[in-house]
Amino acid sequence: MRTLRTNLLFSGSKVKNILITSTSPNEGKTTTSFELARVFAESGKHTLYLDCDIRKSEFAAVHRVRGEIVGLSQMLTGQVALEDGFYNDPKMPNLDMIFAGPYSPNPTELFEDEMCEKLFRFIKELNYDIVIMDTAPIGTVIDAAILTRYADGAALVVEADVTTRRLFRKSKEQLDRTGVRFLGVILNKVNMTKSGYYNSYYSYHKYGKKYSKYGYGYGEYSKPKA
């Protein structure tokens with residue numbers, strides 16, 4: 001993760017909003033996004049982790065976030081003020097978070113709404129050094145493509161020995177059509193000790209897997225101090 005952080009820093013000083021997506025669900029996109037945000041924060045960067053996967057996010061459950069929380073879906077529908085959706089954990093200084101919030105049946109419309117533009121203007125005013133945007137898989141839904149308008153660059157998570165060439169090409173072409181700067185591929189779940197290849201059967205039969213296997217459980221989250 002620290003090497004990945006360094007490589008992204010060398011992408012240029014203007015690359016601050018980094019969109020992370022994947023070709024399909026369960027490739028480790030959310031774990032990669034959050035751990036990347038964490039190592040940026042550890043290096044002293046004022047960092048925001050923004051969970052944009054309001055179709056299927058389980059981040060709050062996986063990390064056992066306790067208490068009543070609000071999230072992105074409520075912010076974009078005007079149910080809560082924008083400033084009320086930011087959280088942090090005292091164990092992770094420099095890192096703020098916006099959770100996805102309750103499931104929304106129409107995330108595409110929410111991301112195209114002027115409220116989304118207002119949110120990113122507000123985030124810009126807060127002057128974060130790095131914003132990690134964890135978005136839904138671009139090979140499955142259009143959400144990430146819409147959100148590229150707010151990103152300075154995008155990276156694509158692929159699962160070693162599972163992601164097919166066809167699906168990778170489809171996802172990369174979708175990103176290219178948006179005009180966003182492509183920062184590269186993050187090859188995930190690489191078995192450094194095995195020989196041969198994983199059974200590609202899993203590439204089409206893993207949508208229902210739970211993200212809980214990546215859980216860390218950092219504990220209580222609270223509003224950032226002024």
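Predicted model: local features only at pLDDT ≥ 70, side-chain atom pairs only at ≥ 80, totals over all residues.

Student: Why is the pair Asp53 and Lys29 called a salt bridge?
Tutor: A salt bridge is a side-chain nitrogen of Lys or Arg within 4 Å of a carboxyl oxygen of Asp or Glu. The closest N and O atoms of Asp53 and Lys29 are 3.8 Å apart, so the pair meets that limit. The structure holds nine salt bridges.

Student: How do you know whether Asp53 and Lys29 are buried or exposed?
Tutor: Buried means under 20% relative accessible area, exposed over 50%, and partly exposed in between (1.4 Å probe, protein chains only). Asp53 has 3% and Lys29 has 4%, so both count as buried.

Student: What are the values for Glu117 and Arg121?
Tutor: Their side chains meet in a salt bridge at 3.5 Å, N to O. They are four residues apart in helix 6 (residues 114–125), and so about one helical turn separates them. Glu117, at 41% relative accessibility, is partly exposed, and Arg121, at 47%, is partly exposed too.

Student: Where do Lys189 and Glu159 lie?
Tutor: The side chains of Lys189 and Glu159 form a salt bridge (3.8 Å, N to O). Lys189 is in the segment after strand 7 (182–188) and Glu159 is in strand 6 (residues 153–159), 30 residues apart. Lys189 is partly exposed at 25% relative accessible area, whereas Glu159 is buried at 13%.

Student: How do you know how many disulfides there are?
Tutor: A disulfide is a pair of cysteine sulfur atoms within 2.5 Å. The sulfur of Cys52 has its closest cysteine sulfur in Cys116, 7.4 Å away, which is too far for a bond. The count is therefore zero disulfides. Cys52 and Cys116 are each buried, at 1% relative accessibility.

Student: What makes a set of residues a nonpolar core?
Tutor: A nonpolar core is a set of buried Ala, Val, Leu, Ile, Met, Phe, Trp, Tyr and Cys residues joined through side-chain atoms within 4.5 Å. The largest one here has 57 residues, and Leu72 and Phe111 are among those with the most contacts inside it. Helix 2 (residues 29–42) gives the most to this core, with six residues.

Student: Which residues is Leu72 in contact with?
Tutor: Contact means heavy atoms within 4.5 Å. Beyond its neighbours within four places in sequence, Leu72 touches residues including Leu50, Ile98, Phe111 and Leu119.

Student: Why is Met192 called exposed?
Tutor: Met192 has 72% relative accessibility, so the label is exposed. Met192 is in the segment after strand 7.

Notes
Residues numbered from 1 in each chain as written. Heavy atoms only, no water. Helix = DSSP H or I, 4+ residues; strand = E, 2+ residues; numbered from the N terminus.
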